[in-house]
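Q: I have just opened this structure and would like a guided introduction. Could we go through it together?
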Amino acid sequence: MNLFAIFEGEVRRALERLRERGELPAELALEGWTVEPPRDPGHGQVATNAALVLAKPARTRPMAIAEPLADLLRRVEGVAEVTVAKPGFVNLRLDDAVFHRVLRAALRDGERFGLVDLGRGAKVNVEYCSANPTGPLHVGHGRGTVYGDALAALLAATGFHVTREYYVNDGGAQIETLARSLHHRYREALGDAVGPMPEGGYPGDYLVPVAHALVERDGDRWRDATEPEWMAPFGDFAKAAMLARIKDDLKALRVEHDVFTSEAELLAAGVVERCIAELEERGLVYTGTLEPPKGKAIEDWEPRPQLLFRATAFGDDTDRPLQRSTGDWTYFANDIANHWDKYRRGFKEMIDVWGADHGGYVKRMQAGVQGITGGDGALEVKLCQLVQLMDGGQPLKMSKRAGRIVTLRDVVDEVGPDVFRFIMLTRKNDAALDFDLQKVVEQSKDNPVFYVQYAHARIRSVFRHAAEAGMATAELGDAPLARLADEGERAVLEAIAQYPRTLALAAEHREPHRIAFYLEELAGAVHRLWTRGKEEASLRFLVEDDEPLTRARLALLESARTVIAGGLRVLGVEPVEAMR
RNA sequence: GCGCCCGUAGCUCAGCCGGAUAGAGCGACGGCCUCCUAAGCCGUAGGUCGCAGGUUCGAGUCCUGCCGGGCGCGCCA
């Protein structure tokens, strides 16, 4: 029950009436205006800028539209008062009864309250995390992962049929590097004096336990084997171990993907060849020679004819290579196949969450999807800016080469998934983020997530007390909500009514952080109301000799709690029963 | 050199599709617990929204140009 959507309809009808009556030009397009909560609560609960927006196309003054519009809106059920303000805003003050209906809807729907059906069951594939299985997840991965996970939940909450996907980049040379690194650790585990990790290997110590597990399984049978002999089994073993570890790390973050797609398996199944053949049939593949990029000197640049994808046909800056000089497919070719595979599994809408360092790759991938799906599929890419890891104000350079990795798991174990997720979700995805390990650990007790969880816990506490006092806490839908007369109660009521709109906007904009900020506001309204009860006994929630009033207040609290729980659920944060 | 993203209070960040007097948290300072959880509430201080133009009834928001920071710029992933 989205009040703002409802009143948008009312404003539209009123404008249409004005057009019919000739007070607006017959050909006027009724577009571009909005219905929003006014910034100043003194203006009521709903405001529209329709008169301002339409004045110019209607070739009249804003007030000439605002006045008759206000007259019509005054007759709408649930509207208590309509005022026209300065330049031409029309402000509505709503009857309490309207908010009472919202509250009853919230009580009736529980955590499903506000879940608008924007998607109508459309299938959407959200690919996120997709870190290479060559090591544990680090903090930088955590951001895109949490964002993607919350976005997936948000879309699922707004009527889309969502699949959460992880693309495993296990097709390239990096798995060979991983296998060599494991082989080195394996020899170490057997007690051979092999020295430090060779140049180009993965120096982190996370392969040490993997090597021991391999010794446990196979003993020293690979000690004297040749590289071609051990390469495949070592690669498989290491890959499986890394993937298991990544899944475990994800679980600690409360992230669970539905599908893991393996690049290597797509390759082995010949999907890439079929994909390229498909592109060829569409005339999107040719052999040509690329110009060297301007402005950036590339050493050992050799003009070379190669297999190219006609990305420029879809708005990319240049055509893109599909095949390496070695004859292998490029990562790009494989990734087109990956998206083609999704498309053939029924996903016309695909969303990828990438790190900002892949920003230069967006256009070509979108071009690839357009090309391979004949324009029927669409790829939306959400970039997460990189995380600058700090330690006590000093930038911490993470380098895999130096083996100095701050793992995601370390941080999550330290502060917990709720704190970590909330930190990542109180930011827009496209703003850079400083993540100071020391501060995050020190200040995790100040994390706003507790503010929201505390509001939930306090409400639970009231219900526990109510039950102890023998008060009925069920069937609150028929409570006399008109008894809710305090300004603090109204504030909570109005905050609750904002939720459906917030959810819809967050989904449309792919911005789960809006929910986090909204929940802080709602929690604030709850905390303020709580404090009013401390200052004035008559405003306490449980009033011994006035059960109807108590029930009305419980109804208010329960719907607030429901919204908090539902919102936290979308963010993947636990609503708690108690804080102590 | 070119492309994308960012620049808002001391710090970390919101600011809805262009809307009314630019907000929150942390930090600083001052108040509030005989009573449903003080992980809370109330107040004070703190801003030329990077700079300069432009668009318009109206710009933190859109456009152009600068400045500053991040990322990227065949066959790596």
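**Domains and RNA**

A: Seven residues of domain 1 touch five residues of domain 2, where contact means heavy atoms within 4.5 Å. As a note on sources, this is a predicted model, in which local features need pLDDT of at least 70 and side-chain atom pairs count only at pLDDT 80 or more, while totals for chains, interfaces and linings use all residues. Residues are numbered from 1 along each chain as its sequence is written, chains are lettered from A and ligands numbered from 1 in the order in which they are written, and side-chain values use heavy atoms, with hydrogens and water left out.

Q: Where do domain 1 and domain 2 lie in chain A?
A: Domain 1 covers 3-94 and domain 2 covers 447-571; such bounds come from an automatic or database domain assignment. Their centres, taken over C-alpha atoms, are separated by 31 Å.

Q: How much area do domain 1 and domain 2 bury between them?
A: About 460 Å², with 53% of it on carbon and sulfur atoms. Buried area is the accessible area (1.4 Å probe) that two parts lose on being put together, summed over both. In domain 1, the residues losing the most area to domain 2 are Phe4, Pro37 and Gln45, which together make up 68% of what that side buries.

Q: How many salt bridges cross the interface of domain 1 and domain 2?
A: The rule finds zero there; it asks for a side-chain nitrogen of Lys or Arg within 4 Å of a carboxyl oxygen of Asp or Glu. One residue pair is in polar contact between domain 1 and domain 2, both at pLDDT 80 or more. A polar contact is a pair of N or O atoms within 3.5 Å; within protein, one must be able to donate a hydrogen and the other to accept it, and residues adjacent in sequence count only if both atoms are side-chain atoms.

Q: Changing topic, which residues are closest to RNA strand B?
A: Arg324, Arg427, Tyr454, Ser461 and His509 are the closest among the 75 residues that surround RNA strand B, a residue being near if one of its heavy atoms lies within 4 Å.
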